Amino acid sequence: MLWRLSLVFALVGSPLCAEEEVVLGLSSDRVAITATFEGSDILIFGAVKREAAIPETPLDVVITVAGPSLPVTVRRKSREFGIWINTDMVDLDSAPSFYAVATTGPLNEVLSDTEDLRHRVSITRAIRSVGAASMVEDSGAFIDALIRIKRDQDAYQMREGAVAIDQQTLFRTAISMPANLTEGTYETRIFLAREGQVVSQYQTEIDVRKVGLERFLFTLSREQPTLYGLMSLAIAIAAGWGASAVFQLLRRG
Amino acid sequence: MQIYLPIAEVSVNAFLLLGLGGLVGVLSGMFGVGGGFLMTPLLFFIGIPPAVAVATEANQIVASSFSGVLAHLRRKTVDLRMGTVLLIGGLVGAALGVVVFNYLKSLGQVDLLVKLCYVVFLGVVGGMMFNESLRAIRNTRRGVPVRRRKHGWVHGLPFKIRFRTSGLYISIIPPLFVGVSVGILAAIMGVGGGFVMVPAMIYLLGMPTKVVVGTSLFQIIFVTAFTTMLHATTNYTVDVALAVLLLVGGVIGAQFGTTIGTRMKAEQLRILLAIMVLVVCGKLAFDLLVQPSELYSLSTGEDH
C-alpha cells in the first residue's frame, strides 16, 4: 500500500520536479511601420531554466506568433448561366491577420493532437469557425482556401524544424514578417514539449505600430475625416495646377 | 522603392504607381476620360483593397482632370456653360444612383451587376464609336466631306440655350438628361463616367470632339471631388499616400496627353478611345466567362 502510494506521488511529482521555465529574449518587442517599411525579421531566442538535471527525453520547442484576429468572409465562385459569379460564402468568426508557427520538428510529432487542440497551435486550429458548418456543406474547403491564400501572401507560415536548439537549453528562431502587416498586438507563445506533451508555456507580445507620417495620416483620416478629405482634394488641385504651370513655363522657355 | 500605404495597409513599389499614374494621365488628357475604369482594375491587380482603390482613384482623377482642364482652358476648348448644365444633371443623377445602388445591394449580387453594367456599356459605347469613327476615317480618305447632322429631333425641344464654345443652339433638356444618366451610372459603377459622357456629348448633343474633351474633364473634377469627400467621411478609404504617388504621374501624363490630343484628328482620337473601351470590355467579359485560377476570395470584417 505504502509502495503504491509512493508510486502515485512519484508519477504526480515527476513533472513538478523536472519543472522547466522559459527565459525569453526578442531582438525587438516592437515593430515600427514607417513609410518605407519592407517587412521585419524578429529574432526570438531564449533559454530553458530548470532546477533539476536534464531529463532523458528530448525537448521540443514550438513558437507561434499571431497577429490581431478579425472576422473574415470567404466567397466561392461557381458557374451560373455561363458566367463565373460568387455563389457560396462562409463567415468565419475570426482568423489571425498573421500567423507563424516555428518548431524543432514536424508538428504532429512534437505536439500530440490533444495538446494542439488545447493550445490552438496549428494554423487550422488558430482559425475560429463555429458557425461555418451551418452555412455550407463543405466548410472545410473554405478554410483550406483561406489558409492557401494567406500562405501565398506569406501571412501564414508553417516552419517545421526552423527552431534550433542546443544542449536542450538554448533555442532560437527568426520570424520574418511581410511588408503587408496589420497594426496591432502580435501575441507570441513559446511551448516546451516532451513526448508530445506541453511541459511549459510562456507568452509575450510584439507591438506592431505605424509611426511618424503613417501614424499621423491614419489618425487624421479616422478622427478628422472632413479635414482629411479636404486635404486630399487640396493636394490634388495643387498638383494639377502645379503640373500645368510647370508645363506652360517649359513650353515658353 | 517600396512604400507602405497608411490606409491600404499594404506595401507597394513607388515607381510602379508613378508609372501607372502617368499612363492613365496621358489617356485622361487625350480623351477627356477620368481613367477610373482603367485604373481601378489595375489597382486591384497590384493588391490594393477594392474599397481603398475606388475611393483613392476618385481623388487622383480630381488632380489629373484639373491639370487637363487648365491645359484645355488655355486653348479655349472648354464649354463652361455646357459643363455646368451637365454637372447639375450629374449631381442629381449621382444622388439617384446612390439610392439605386443601395437597392441593388439589398438584393445581393451587386458586384456582378456592376460588372455586367460595365461589359454592356463599354461594349455598346465602344462598338458604336468604333464603327462611326472608322466610317469617318474612310470618308475622309475618299475625300467625302465630313457631314455633321445639324438638325435632329434633339433640336426641336424647347428651352433653347446658346452654347457658344460648342457652336450649338439647343434645348437644355438633352444635356440635363445626359448629365443625370451619366451621374446614375457613375454612382453605380464607381467611376467618373467620362467614357460614357464623351460619346454622349459627341453623338447625342453633336458637340465638336475637341470641345468635348475639355468639357468632360471640367465636369469630372466636381463629380470626383464630391465622391472623394463622400468616401473620406463615410468609409475612411481614401489613401492620400497612394493618391499622391498616382497623381504625380497623372498630372504630368495629362499634360502630355492634352498635347498629343490636340495634334490628332478628331476621328483618330475617337477610334483610339473606342479601341481602348473595347479592350477593357473584352478583359471584363473574359474574366466573367473563363474559370478563374482561384475560385475563392477573402474579405475582412470591415468591408461588408
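**Domains of chain A**

I took domain bounds from an automatic or database domain assignment. On that basis, chain A splits into domain 1 (14–67 + 95–210) and domain 2 (211–253). A note on the source: this is a predicted model, where local features need pLDDT of at least 70, side-chain atom pairs count only at pLDDT 80 or more, and totals for chains, interfaces and linings use all residues. Residues are numbered from 1 along each chain as its sequence is written, while chains are lettered from A and ligands numbered from 1 in the order in which they are written.

I looked up the distance between the centres of the two domains of chain A, taken over C-alpha atoms, and got 42 Å. Next I checked their contact (two residues are in contact if their C-beta atoms, placed from the backbone, lie within 7 Å). Domain 1 of chain A gives 6 residues to that contact and domain 2 of chain A gives 6 residues. For the elements, I used DSSP runs numbered from the N terminus: helices are H or I with at least four residues, strands are E with at least two. On the domain 1 side, β2 (30–33) and β12 (197–210) of chain A each supply at least two residues.

**Chain A against chain B**

I then turned to the chains: 48 residues of chain A are in contact with 47 residues of chain B. Which element gives the largest share of the chain A side? I found that α8(A) does, with 16 residues. For classes, I counted Ala, Val, Leu, Ile, Met, Phe, Trp, Tyr, Cys and Pro as nonpolar, Asp, Glu, Lys and Arg as charged, and the others, Gly among them, as polar. The chain A side comes to 28 nonpolar, 13 polar and 7 charged residues.

**Strand pairing**

I count two strands as paired if DSSP finds at least two bridges between them. Between β5(A) and β5 of chain B (residues 296–300) I found 5 bridges, and the strands run antiparallel. Within β5(B), Ser297(B) is the bridge partner of Arg75(A).

**Helix packing**

I fitted axes as lines to C-alpha atoms, for helices over the stretch in contact, with angles from 0 to 180 degrees between N-to-C directions. The axes of α8(A) and α9 of chain B (residues 240–263) come within 9 Å and cross at roughly 25°. That makes the two helices, α8(A) and α9(B), roughly parallel, a label for angles under 35 degrees. Among the residues of α8(A) that meet α9(B) I noted Ala239(A), Gly240(A) and Phe247(A). By class, this helix contact has 13 nonpolar, 4 polar and no charged residues.

Terms used:
Angles under 35 degrees count as roughly parallel, over 145 as roughly antiparallel, 65 to 115 as roughly perpendicular and the rest as oblique.
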